Structure formats: structure tokens, C-alpha cells
There are 2 protein chains.
Amino acid sequence: MNSERKMITIVGVGLIGGSLAIRLHEKKLCTKLIGVEANPEHAKQALELELVDEILPLDEAIDQSGVIILALPVDVMTNILLVVLDKVKDQIVMDVGSTKDLLIKTVAKHPRRGRFVATHPMWGTEYNGPKSAVKNAFENKVVVLCNPEESDADARQWVAGMYEKIGMQVLEMEAKAHDLHAAYVSHISHVTSFALANTVLEKEKEDEAIFAMASSGFESTVRLAKSHPAMWVPIFLQNKENVLDVLKEHITQLKRFKECLENDDEEYLKRLIEEANRIKKILK
Amino acid sequence: MNSERKMITIVGVGLIGGSLAIRLHEKKLCTKLIGVEANPEHAKQALELELVDEILPLDEAIDQSGVIILALPVDVMTNILLVVLDKVKDQIVMDVGSTKDLLIKTVAKHPRRGRFVATHPMWGTEYNGPKSAVKNAFENKVVVLCNPEESDADARQWVAGMYEKIGMQVLEMEAKAHDLHAAYVSHISHVTSFALANTVLEKEKEDEAIFAMASSGFESTVRLAKSHPAMWVPIFLQNKENVLDVLKEHITQLKRFKECLENDDEEYLKRLIEEANRIKKILK
């Protein structure tokens, strides 16, 4: 085992893993980056794009690394995290997944729980795979560290320091609060985009001309609908209680607009839009 | 009256009127641009920003112009269009509003109907007022000309030519088809953004920390919620039948996601997302 923290393994060299690899290279936070990648085509691309220096099987990668970063769909994450924790000695293990509560519960009693730091960098795009990795990802964004008191001090410190060096603002939060907040500021946006795409595609069956008019407003609200089911199905299911709560509230809000239109209620419609305009204080 | 087509009046020097002014200047499509602006603060800004050369009362502006462009909220538009058509001789009158059916019906029997060309350039942002006017607006976007057969040939030709010169692709369409399509590719996106903003702002009352985590996906789906009620209330009401149809279908689509989550129906959830992914063929 090599406990040198500059030997880093990324498990899953896709959008997040690949973009993080670019950033770690750029900020000289690693001397060697090892990729672990189950998809042979992605493994090949990750090498060709020089995201990682080498592709290795998980066991060998763990042995050679001081830090192991898991960047996988959240359903795979829980299994792999247990496998990795079973094998590590004093390495640091971290994940970058979009849900936290189940993952943290899964490893709560593991004898090497302390080596693990649960994180969620609040950055992404609607694309996936190594080719979707981009420069300058994560910059000026927030990263959430969950239940940091359950991690060993050295692990927590290295992870927070790494995120700060790549330009992120570190926020600490309990896993339950994270999952609730993520439902509001990320997961629901994906549900509405998927549903909006399906609404319009349904209509398009009868009327192919409809998209000639699609403008930037449409693109903005629908672009997340390109996101991959392998990533989003497990997120929605793992965070289903929170996503359901937000989704129910969202349907209630949409029904208010529906009522306004049905009743020609100009005053109420104006008030609903004025209330929505308060989002200006949050989106600069 | 000056029928020289290079003397142009813009009634309403806001986001669309102001951005069009920049483009008309830049492409040397006018020798003089006159602004008509009911809001004194906006009139002052329009002059300071050199969007227009002069601000005049409507009557004088019409007398001096060969072309009159109406860029007003759609409820004001119907009234002003009638006033303007009552006064014009051989000038060209055009609008740039987001709804078309009511407007076209309103002027259908006007003795100078032929001088009017109904248009909708498919471009906009969530901002308003002269300060929101931007360079390079409209470029490579579609503009819809509605019921072109009801306009005089010279008017229709000038308007189509002007839009082509500022880089737009001209599409001709009946007003009813336009309003239906606009509901799908523009109006519903605004309803969902407003409703999503209200969903999250409702929660924020209890939990102020929620927005610290807001990411670019959230911003993308919610940015249209900054849009001004004076513009959007009349659009929704004028196009209410179409917007209601799309909104009902959208609520149905959202309920499918809700059912999947309630029933842990992984397969159906995956299928819904895969269907939504077909939006890739439209959004490049």
C-alpha cells in the first residue's frame, strides 16, 4: 500500500470523475491518477483523453493509492464503498454522489468508517461519460461534506483542503438535511425537465413543426432532460420521500396557475408571478 | 407623412424593442429611430443608451415614420394597434408580440389591415426595460410571420427582408397554429419556472440555508421565473386555452413520475427518462 496522498484513484471516470481528474492534474494535487472503469469503451476514452495515467483493476488501484474517489451512480456507490472500505488501511475514501443518507447509513458500523468522507460537489451538466468531462468544473461552486464528525480528522481535512484548492466553497451538513435540500435545488429540476420534455414530445407526435420555434427559454428549462437514466433513476429512488414531497408541492403550485387561467383570475395570476419573481434575490 | 422606410418608430423601447433598435442601427436599416415610450424613466434610459435618436408622442412619431414597430405587452398591443392603424396612410405597421390570434382577429376588418404584419421573433430573456436590451439579439433564431396573406405584399416583403437582414429565419404560419406552438415551446416553460420558483421559495420560509446549494441545473430551470408579470399575465390569458391544454398534459406527466416513486417502479421510471432523452434530437 502506498499512503502517499498524491497517488489518487478515481473509480468511475465519467462526467464528475473525469472533470475532477482534469482539475486534480491542473492544480498539481496528484503525481499519478489511476482510473477504475467498468465500461471498456469509457476506460479507453479516459486514457485517450489523458484524464487518468493508467487504468487498473480496483484491488490494485487501492493498493497503489493514498486517496480513492468514488464517482459512480448512487446505486452502485453503496456496494463499491463497502468493498473499498473492506480493503483500505489508512487510505482516504470519498464519494461525490448526489444522495447521502442511505450511503452514510450503509457504512455507519464499518470498522473503517472513519476513513470515508461523504461529499457532494454541487456541479454537473446533462452529459455523461469521459468525453463530457470539462475544464474549470466546480469553480466557485459549493461542495457539501456530510456528517463530517464521523470521518477521521486527517481524512476530513485532506478532502476539505482538496476542494478548496480546486476553487470550491465547503459547506458541512447532516446527510438528512443534504438530501432534503438536494431534492429542492437539484432533483426536482430534473423531474420537471424530464416531464416537460415528455409533454412536448407527446404533442410532437401529431405536429412535427413544433420544434422549429423552440427558443432559448425552452432549451433552458428542458436541457436537463438529456440526463442519463443510469444516474437519475437511483437518485430519485434513494431520495424518494423528499422528491415526492417537493413534487407534490410543485403540482399544487402548477394547479394554482391552472385555476387562475380557468377563472380568468388576472389578479391572482399577477400575484403568483410576483411571488415567483422573488427568486431574483437568489439567482443573481 | 414621411413614407421613407428608413425612418422607423419603435413603440415600447424595452427588451425586444431596444434590442431590435440596436440591430437596426448596426445593420444600417434606419437613418433615424424614433422611440415612443409611456414610462418616462424608460424614455430617459432609451435616449441615454442611444437606443433611439428621439422620443416623440405617438402621433408625431407616426407622421414622421415609414415603419412603426409595436413592442408592447400583448394586452396593450391590441389597443395601440387599432389606434395606429386609424392614423397610418401607407406606412408599414408590425408587432413583435408573443400571442397572435386575438390581435389578428381584432384588426381583421380594419380598412388598413393590409398595412399590418403580425410577427413573433422567437428570442427573449427574463429581463425587461431598455437596460435589458442586448447586442446580437435575434441572430440565427426563427421569426414567425402570421397570416401573411392578409398583409399587403410590400409590407410583408419589407418585414421579411428586415428580419433576414438581422439574421433571422422567417417562418410563415396561421395565427392559431402559432399560438398553439408558442404554448408548447415558450409559454409552458414560463409557467413551470414560475411554479418551480414558488415551490422552492415556499420551502425557504422554513429553511434559509436551502439556496446555498443551488446549482446551475436549478438556475437553468428557474431563471425564467424572473420574467415580468406585465408581460406574462396577458400572454397567459390571451393564450389560455392552449396554455391550459399543455399545462394539464404537463401535470399528467409529473403525476407519472410521482406514481413511479410511490410504487418504487424502477422500470417505468427508467422508461419515462429514456423517453425524455429523445429531446436530444431537438436540442443540439
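This is a predicted model: local features need pLDDT of at least 70, side-chain atom pairs count only at pLDDT 80 or more; totals for chains, interfaces and linings use all residues.
Residues are numbered from 1 along each chain as its sequence is written, chains are lettered from A and ligands numbered from 1 in the order in which they are written, and side-chain values use heavy atoms, with hydrogens and water left out.

View 1. Helices (H or I, at least four residues) and strands (E, at least two) are DSSP runs, numbered from the N terminus. H6 covers residues 153-165 of chain B. Its 13 residues should span 18 Å at 1.5 Å a residue, and the end C-alpha atoms are 18 Å apart, so the two agree. The expected span is 1.5 Å times one less than the number of residues. The buried residues of H6(B) are B:Ala155, B:Trp158, B:Val159, B:Ala160, B:Gly161, B:Met162 and B:Tyr163. Buried means under 20% relative accessible area, exposed over 50%, partly exposed in between (1.4 Å probe, protein chains only).

**View 2. A:Ile68 in strand S4 of chain A.** This strand runs over residues 67-70. A:Ile68 is buried, at a relative accessible area of 0%. A:Thr9 lies 59 residues away along the chain, yet its C-alpha is 4.8 Å from that of A:Ile68. Beyond neighbours within four places in sequence, A:Ile68 has contacts (heavy atoms within 4.5 Å) that include A:Thr9, A:Val11, A:Val84 and A:Met94.

**View 3. Two loop residues with positive phi.** Most residues other than glycine have a negative phi. A:Lys28 has a phi near 50°. A:Lys28 sits in the loop between helix H1 (15-26) and strand S2 (32-36) of chain A. A:Phe138 has a phi near 75°. Its loop joins strand S6 (116-121) and strand S7 (142-146) of chain A. Are these residues buried or exposed? A:Lys28 is exposed, at 63% relative accessibility. A:Phe138 is buried, at 0%.

View 4. A rotation of 180° with 0.0 Å of shift along its axis superposes chain A on chain B (RMSD 0.0 Å). The two copies are therefore related as by a two-fold rotation axis. In chain A, A:Thr221 has the C-alpha nearest the axis, 2.2 Å from it. Superposition is by least squares on the C-alpha atoms of residues with pLDDT of at least 70 in both copies.
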